[in-house]
Every structure is written in C-alpha cells, then in structure tokens.
Amino acid sequence: MWFEFRATQRFTGVLEAYGDHQSSPFAQAGVRVSVIPNFFQVDTTLGRQLNGVNDNQWLSFGFCITPDKLF
C-alpha cells in the first residue's frame, strides 16, 4: 500500500507499507522534493519493521529523473 500527498508544489509526503503473510510488515515515511519541477526529484525516507523481533530500521536517500521525453 502506498500513499503520496502533495504538501506544496515542490514537496510531497510519502507513506508506504508492505510485506507478506510470513513476516511482520514493513513501513516507511518520507518526503520528496522537486529540485527542478517535472525533471529532477530527491527523496529521503525513514522505515522500520513493525512488530518485528529485531529493531530493524533504515534511512534511505534517492533521486529520480523524469524527463518529458528521452530522445
């Protein structure tokens, strides 16, 4: 399950939950920033395993290039 919500024209919030029937689910939340609108975005998320035996947590960073046309 994945939700995105636009906070401003440049900032988008992201929520995600995923897993399977054999293990505890995972969840993460973060923010995506349009550095160059409609072309270049950066994001960061903080996540963890819910109800897990171990304290599994992570912080991730990413980027996305979204040109209108490749060639």
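Helices (H or I, at least four residues) and strands (E, at least two) are taken here as DSSP runs, numbered from the N terminus. The model is predicted, so that local features need pLDDT of at least 70 and side-chain atom pairs count only at pLDDT 80 or more, while totals for chains, interfaces and linings use all residues. Residues are numbered from 1 along each chain as its sequence is written, and side-chain values use heavy atoms, with hydrogens and water left out.

**Exercise 1.** Describe the secondary structure of the protein and its overall spread.

*Solution.* Begin with the elements: the protein has zero helices and five strands, in the order β-β-β-β-β from the N terminus. Its radius of gyration is 15 Å, well over the 11 Å that the globule rule gives for 71 residues, so the protein is more spread out than a compact globule; the radius is taken over C-alpha atoms, and the rule is 2.2 Å times the number of residues to the power 0.38. Along the principal axes, the C-alpha atoms fill a box of roughly 45 × 25 × 20 Å.

**Exercise 2.** Determine the setting of Q49, from its element to its polar contacts.

*Solution.* Locate Q49 in strand β4, which covers residues 40-49. With a relative accessible area of 12%, Q49 is buried (under 20%, with a 1.4 Å probe and protein chains only). Next, list its contacts (heavy atoms within 4.5 Å): beyond neighbours within four places in sequence, Q49 touches S23, S24, P25, F26, N56 and W58. Finally, the side chain of Q49 makes a polar contact with the side chain of N56 at 2.6 Å, and a polar atom of the Q49 side chain lies 3.4 Å from the backbone oxygen of S24. A polar contact is a pair of N or O atoms within 3.5 Å, where, within protein, one must be able to donate a hydrogen and the other to accept it, and residues adjacent in sequence count only if both atoms are side-chain atoms.

Technical notes. Buried means under 20% relative accessible area, exposed over 50%, partly exposed in between (1.4 Å probe, protein chains only).
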